[in-house]
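Hello,

Here is the structure we spoke about. My notes follow it.

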Amino acid sequence: MSISYWRTRDRYYRIIGSICENCKSEFFPPVYTCSKCNSTDKSKIKDKEMPNQGIIISYTVLYEPMLGFEDEIPMQIALIQLNNGVRLVSQIVDCKIDDIAIGKNVKRVFRKIKSESKSGQIWYGYKFRLC
Amino acid sequence: MKTKTKVSITGYAGYIPKLRLPTSEIAQIWKGGGSGPNKAKSVANFDEDITTMSVEAARHAIIMANNPDIGAVFVGSESKPYAVKPTSTIVAQALGIHKTLAADFEFACKAGTEAMQVITGLIGSGMINNGIALGVDTAQGRPGDSLEYTASSGAAAFVLSSENNHGLAYVEASTSFVSDTGDFWRRQGESYPRHLSRFTGDPAYFFHVESSVRTLLEEINAKPTDFTYAVFHQPNPKFPLEVAKRLGFTKEQLEVGLLNPEIGNPYSASSPLGLIATLDVAKPGDKILLASFGSGAGSDAFSIIVEDNILNKRKNIVPLRQQIDDNIEINYSTYTKLRGILNK
């Protein structure tokens, strides 16, 4: 696990984003400035765990994945809109290629993202699966 | 063993990976046909291990328990992803819990009930108010070995608590019986366990389970007919039925919690998942016997009494049966790739 991953592990483990208490807007990844009301008041921008569920807005299936993910092909990647309106990109797991579709409901799961090597550390984080 | 104050179960959840390997696939490769003693076994996907399964089970158990302050996160397993680095701290971090005890337990297939017993003691002594005990494994079986048919994956989580008004059941008493018996082991650095075949029966499983259950029955002055349900460790479909018969329990008392035919033996999660399947259908007032077995060897036996709250608490959970039925079948080739046996 890299130092930067360790520093932001709650972001990957629990989808910790931000809420602006001025205008109630929510963000992921976390923000220092609210892009809705432009507030920079640190006491008003708080950490917040994002909802566990959402819907698929768009998706793609990768057959030529990034280095380190070769064993995972075909890899399903989706743009997801969480129940609070926040959008993020995530891998969809535990489903056949034919089952994934725009508009389907998904829920967050905690999974291994990658291993540095056989003797290295394991990186964990969020993925989604159909529900 | 009884605690001085009442210790309740306020939440529970099981996690069974979606993938299933029919044992006919294994038999086809190694015997040319037929099947194993069980129909299928659950298999962890490429990105699942005991940490991920623990987090999933724990998260749902804590929700069922109404998000209490957790004072202990204990993970019982024999398939830790790290030889040195606790799984329990990763689980605690993923749950957002920090002011807590955290430890990994290992006692072959009874590490989960061991964790339950220790948390029961910590709560009973007043040291903590709530704790979460996990039994979880991605069990290993050497290709071609008889273990390969049953060794499976799964997780079970229980939130135990002193807050008895939230209890869905309570621990009436528990016992433990151990001896130095080398029926099954895995040396440091080895990928697969070894076992002594038939020796795993009478001197190991049957002797220890019978001993812990008989001690429990004596301690609480109960007889098998006092229990609505009984759950025994399930290394295969046959052993729990046989030990039940020897102890005077009926097949009907076991049926609900007997999951081995459909998911195999997820080691530390085996009997705890059987308890979860039982709690999913139990009624207030029902008495449940839970008896684990861990090679090496030992057995923990619990008497658990179901309370009225279970009816309300069950309304918002997904029954374990649904996870068992919602599955994707894989073939032996896929299985070997997922288990790291087949590499590029």
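First, the conventions. This is a predicted model, where local features need pLDDT of at least 70, side-chain atom pairs count only at pLDDT 80 or more, and totals for chains, interfaces and linings use all residues. Residues are numbered from 1 along each chain as its sequence is written, chains are lettered from A and ligands numbered from 1 in the order written, and side-chain values use heavy atoms, without hydrogens and water.

Domain 1 puts 63 residues into the contact and domain 2 puts in 52 (heavy atoms within 4.5 Å).

The two domains bury about 4,300 Å² between them, 59% of it on carbon and sulfur atoms. Buried area is the accessible area (1.4 Å probe) lost on putting two parts together, summed over both. B:Cys109, B:Gln117 and B:Arg314 supply 15% of the area that domain 1 buries against domain 2, more than any other three residues.

The domains share 2 salt bridges (a Lys or Arg side-chain nitrogen within 4 Å of an Asp or Glu carboxyl oxygen). B:Glu262 and B:Arg321 form a salt bridge through their side chains, at 2.8 Å, N to O.

Best wishes
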